Amino acid sequence: ILWVSSHVSWILELFAPLLLWIPRTRTVWAVALITMHLILELTSTVGWWQWLMIAALVTFLPELWAGAVIRFLRRTLRILRS
């Protein structure tokens, strides 16, 4: 499992600079990279790096998806503050 997951993450990172800029592959690749960074956040401790990368990758999602993520985060922050 570790061998496969490390190679999949290597492939995702290797082709990200190219495939994030192609409109047909952008959404799928961004979701795959966000998923990879969420899994890395759950399995390792590297500070804020994973969250920074997720925030950067949200900009590659369609506008409606990015808006939904922002609304979810705002609601979550409001709940946490109260």
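In the protein chain of this predicted model, residues 24 or more positions apart account for 37% of the contacts with a separation of 6 or more, where contact means heavy atoms within 4.5 Å. Local features require pLDDT of at least 70 and side-chain atom pairs count only at pLDDT 80 or more, whereas totals for chains, interfaces and linings use all residues. Residues are numbered from 1 along each chain as its sequence is written, and side-chain values use heavy atoms, with hydrogens and water left out.

**Overall architecture**

The protein chain contains 4 helices and 0 strands, in the sequence pattern α-α-α-α. Helices (H or I, at least four residues) and strands (E, at least two) are DSSP runs, numbered from the N terminus. Along the principal axes, the C-alpha atoms fill a box of roughly 45 × 30 × 20 Å. Of the 82 residues, 22% count as buried; buried means under 20% relative accessible area, exposed over 50%, and partly exposed in between (1.4 Å probe, protein chains only).

**Helix packing**

Two packed helices are described by the angle between their axes and the distance between the axes. Axes are lines fitted to C-alpha atoms, for helices over the stretch in contact, and angles run from 0 to 180 degrees between N-to-C directions. The table gives these values for two pairs.

| Helix pair | Angle | Axis distance |
|---|---|---|
| H1 (residues 2-19) and H2 (residues 23-43) | about 140° | 10 Å |
| H2 and H3 | roughly 165° | within 9 Å |

The angle between H2 and H3 makes these helices roughly antiparallel, while H1 and H2 are oblique to each other. Angles under 35 degrees count as roughly parallel, over 145 as roughly antiparallel, 65 to 115 as roughly perpendicular and the rest as oblique.

The crossing of H1 and H2 is left-handed, that is, the near helix is turned anticlockwise from the far one by less than a right angle (clockwise would be right-handed). On the H1 side, the residues that meet H2 include Ile11, Leu12, Phe15 and Leu19; among their partners in H2 are Trp29, Leu33 and Met36. The contact of H1 with H2 comprises 9 nonpolar, 3 polar and 2 charged residues. In this classification Ala, Val, Leu, Ile, Met, Phe, Trp, Tyr, Cys and Pro count as nonpolar, Asp, Glu, Lys and Arg as charged, and the others, Gly among them, as polar.

The crossing of H2 and H3 is left-handed as well. Among the residues making this contact are Ala30, Leu33 and Ile34 of H2, and Trp51, Leu57 and Val58 of H3. By class, the contact of H2 with H3 has 10 nonpolar, 2 polar and 1 charged residues.

**The nonpolar core**

A nonpolar core is a set of buried Ala, Val, Leu, Ile, Met, Phe, Trp, Tyr and Cys residues joined through side-chain atoms within 4.5 Å. The largest one has 15 residues, of which Leu20, Trp29, Leu33, Ile34, Leu57 and Val58 touch the most other members. H1, H2 and H3 (49-58) each supply at least two residues of this core, and H2 gives the largest share, 5 residues.

**Selected residues**

Ala30 lies in helix H2 and counts as buried at 0% relative accessibility. Beyond its neighbours within four places in sequence, Ala30 is in contact with Leu20, Leu57, Phe60 and Leu61.

Phe60 is located in the loop between H3 and H4 (63-81) and is buried, with a relative accessible area of 16%. Apart from residues up to four places away in sequence, Phe60 touches Leu20, Trp21, Arg26 and Ala30.

With the same exclusion, Val58 touches Ile34, Ala66 and Val69.
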